[in-house]
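I opened this notebook page to look up two interfaces, one inside a chain and one between chains. My entries follow in the order in which I checked them.

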Amino acid sequence: MFFSANNLTGGYGGVNIIEDCCFNVNRGEIVSILGPNGAGKSTAMKAMLGILDLKNGEINLNGKDITNLRTQDRIKQGISFVPQNKNIFTELTVEENLEMGAFLNEKNISSKIEEMYELFPIIKEKKSQTAGELSGGQRQQVAIARALMTDPDVLMLDEPTAGVSPVIMDEIFQHVLNIKQQNIAILMVEQNARQALEISDRGYILVTGKNAYEGKGDYLLNDKEIRKAFLGG
Amino acid sequence: MDFLNAIILISNFIIVPAITYGSQLALGAIGVTLIYGVLRFANFAYGDLMAFGTMIVILTTWYLQSLGVTFGFLPTALLALPIGIIVTIAISLFFDKTVFEYYRKKKSNPVTFIVVSLGLMFVLNALVRIIIGPGDVNFMDGHKFIMKAREFKNITGLNEGLAIKSTQLITLITTVITCSLLFYFLNKTKTGKSMRAYSDNEDLALLSGIDPKKIIIITWVIVSILATIGGTLYGLDKSFKPFTYFNNLLPIFAATIVGGIGNPLGAFYGGFLVAFSEITLTYAYKKFFKYLLPENLEPNTLIQFISTDYKFAISFAILVIVLIFRPNGIFKGKVI
Amino acid sequence: MTKNFDIKISFTIMALLIALVGIFQSWGVALSILNLCLISAVMSMGVNIQWGFAGLINFGVMGFLAIGGLATVLVSVPPVYDAWAVGGVGILISGLFLVSVIVTIYLINLKIPKFKYKNHIIFLIIILSIPLLKFISGPAIGRIESINAATSGFLGGANLPIILSWFIGGILSALVAFIIGKICLGLRSDYLAISTLLISGIVITIVKHEEWLSRGVKNVIGLKRPAPYETNLQKTEWFINSIEFFNTSKLSNIIDLEARASLLNQLVITSSGIFVKLCFSAIFLIVVLVLLYLSEKALNSPWGRMMRAIRDNEDAAKAMGKNVVKQHLFIFMLGSAIIGFAGAMLVTYDGLFTPSSYQPLRYTFLIWVMVLLGGTGNNYGAILGGFVVWFIWIQSAPFALFIINILTNHLDETSHFKEHLRNSVPYFRYLMMGLGLLLVMRYRPMGLLPEKVIKN
């Protein structure tokens, strides 16, 4: 596997929020992490990013152990993250947001930005506007584009469709599918489980901090028990 | 002719002094706002940091003068400025390392930072008074006037004179240069943009690979430069007295909040707004109206909105009004 | 147990230090320090109520102290009848005008709270009323200030006992705190700090420049006292007799009658000073003890618990239906009243009111150092802070001189460096305060006597 996290255990204070969680994702694959509220989905993602200290577990990227790297060093290794909230620089222009995304890249920034404008045409029109003035869906696109500016191998998205309308949600998922074409490994935490599984290659379902189910997207979608319990019938 | 006289009168007593004072306040307010934007606290030691920087400039000036070095018709202090800036940067970074870093790592609340900056304020206050004393120091040399009132009268044949001190022109030019460079840096360079990004959204800045340590060091460097330049210009224009510098912190805070705390461009305008209000509201317009109105309408009172005693109070009152009606400042827009 | 132990030890050490000053310097100095320590303790208790109990950051201490000081003038000084005769009516009319402006603004706020241009109207009213007020009051003020400008030039006061002014000072401060609180208390903590500091600046400006009210920079001297005057004491029979009685052995050693009389005279003069200071100490001590008793009671009452609950978690307290805004306003007024009370005490003790002496470093930030150093949220801590900080403030100059003399011992007496250092001795107190505050914040952030954790 290109990216794998095994036996993750950790939490805040003395309480373990996730226990023995395992996830992996390959290049060109979309993998969703699903589950009810409070199952530890976002916590698991923070653990993979190194924002949360782990008690146990190991994380590998392209055969390299990155368990003990700081968040910033993991980013240098090729992981990029789109947080759920506050995921853009609201006071900077759209273009400056993208430039900041490429802070670590010295070269080809302008060509990279052009690439993003091709991927997300709507934000090209708004490039000199302050990002805070954009609509919810546009902001989300800026956020994803900013994360892609680092040229990541692994892209992590924390609930990219939280709080947007169904139309915008479809649009964002379409963008995620497009990104997949670039041979990037995509890992996303989602609340809208069914729609997420429809575009996912595989999915994990977390319950109270543990892996409960995992499998191919259509398998999870079609399993009666899972549908009933997690996907709303 | 009377109309021209009235214009000259207003220029001489309102516009020229307000531009000068406004520039000095603007430099101070931008410094306070940058610290607030990046380090996220109101630095009460800022006035004394300005005093410290100015003191170093004065000491260097004296040393240069003792060597017989002067700057021609310009004040020697301008030659000494780089030394003052370097020493101020050093002490700022030293205090950041020994004092503020600890609380930053602990993620202390803003009030703790304020209290700590009070401690620093006392320390700097003492250092300046111990080293140079509490008294007035006049360190202006070079040409005093670019244009004297009488010369102006002779040239133009008007009743009213327009006096421009060289310090006033130096203040204006230096401020324009400094602020242009600063805003170019913040808006056009990668480091400047990353500073704004860090100020806007610290977590995302970290996720983008921006190094907070570097940002903080750069902020202190810029702030020290602004403090030293602002303090020196004020000292050249008026005179250097540690207590005045501490007091100037208050209108500087007013300008900062009026412009929207954390917003450098707002702080820049805020400085001028405060300066112009202070001066226009305390100026007695009697003579001005004498020029403009027919003889039978001439006023017999001073026509002064509020007495000069309340000069400082005006900036505070503006602040209170802003706080009530627009707590985020009157200039919407970019936080650094 | 250990807590009481700490309190006892620290106050014993403090008492010993003051006694040492008495022995090595003089008892007059020691008592002066003690009295100002007591006044400082009242000030820091006032700030502690706001900051320690409720977490409100008030950097306007200086303003409330000045209002207390102004109260002593307004209450105790005899009225200047000539000034009242020429300008009293004008001032009263201006006062009425001011009140009506405030009422109008209040009514506008009340009646049309949702009107779009409400703020503009209020702003316009304020802007217009300032020159109007000046126009109405100007002539009267001019006349008042021209009456005996060198000695009075103001309206004077009510000629009442000065102790009364302490309470009036408290009430005035509370009223001003009400207005400031209405404006500022909704602000974020750092904005509150800055705006209270600036508003106290406005208060000082008014006190300094409204000469018809306070004589401004011309100062008011020779205020009344709640204690006897030295010169009167020196002529009082019982006082001389008791001094003679206490010093019998010393006096009887001297045979020469004239020398004995002159020694007695000397003793009477020095003791009269000490006696007056002792009288002040007694009154101040009573104030501190009563305040301590009341605030301890308040702190441990259900109300005190609620205040701390609000301080520690405002949102939770709001959710529980507590009216946070109202409680904050109340405690802001209460603390400010105590500060105003202390301000009046200070002016009474000094015997003169000097508006130009109020500056933030000494009258706001030093008080804050007292609270932070002593122990936030602990009344004993606040008192201890007042004592320790004032003691250091006064004694740091001689201490610094001592250190400087040791360190520069090897230097020549005429050395410029040594001379310069000696001249700057007074400023070492700022250094000590700053370093002290930084060290306490770092290594003992809750102060010398931290807040007691009360288990419910």
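How much area do domain 1 of chain C and domain 2 of chain C bury between them, and what share of it is on carbon and sulfur atoms? I am working from a predicted model, and in it I find about 1000 Å² buried between these two domains, with 58% of that on carbon and sulfur atoms. I note that P79(C), W212(C) and R215(C) supply 63% of the area that domain 1 of chain C buries against domain 2 of chain C, more than any other three residues.

I then looked up the division itself: domain 1 of chain C takes in 2-79 + 156-443, while domain 2 covers 80-155, and their C-alpha centres lie 33 Å apart. The contact list pairs 14 residues of domain 1 with 14 residues of domain 2.

Next I turned to chain C against chain B, where the buried area is about 4500 Å² and carbon and sulfur atoms give 79% of it. Here Y191(C), L198(C) and R442(C) supply 15% of what chain C buries, more than any other three residues. I again find 0 salt bridges between chain C and chain B, with 9 residue pairs in polar contact. Helix 7 of chain C gives the most to the side touching chain B, with 14 residues, and that side divides into 33 nonpolar, 10 polar and 5 charged residues.

Definitions and conventions. Residues are numbered from 1 along each chain as its sequence is written. Chains are lettered from A and ligands numbered from 1 in the order in which they are written. This is a predicted model: local features need pLDDT of at least 70, side-chain atom pairs count only at pLDDT 80 or more; totals for chains, interfaces and linings use all residues. Side-chain values use heavy atoms; hydrogens and water are left out. Domain bounds come from an automatic or database domain assignment. Contact means heavy atoms within 4.5 Å. Buried area is the accessible area (1.4 Å probe) that two parts lose on being put together, summed over both. A salt bridge is a side-chain nitrogen of Lys or Arg within 4 Å of a carboxyl oxygen of Asp or Glu. A polar contact is a pair of N or O atoms within 3.5 Å; within protein, one must be able to donate a hydrogen and the other to accept it, and residues adjacent in sequence count only if both atoms are side-chain atoms. Helices (H or I, at least four residues) and strands (E, at least two) are DSSP runs, numbered from the N terminus. Ala, Val, Leu, Ile, Met, Phe, Trp, Tyr, Cys and Pro count as nonpolar, Asp, Glu, Lys and Arg as charged, and the others, Gly among them, as polar.
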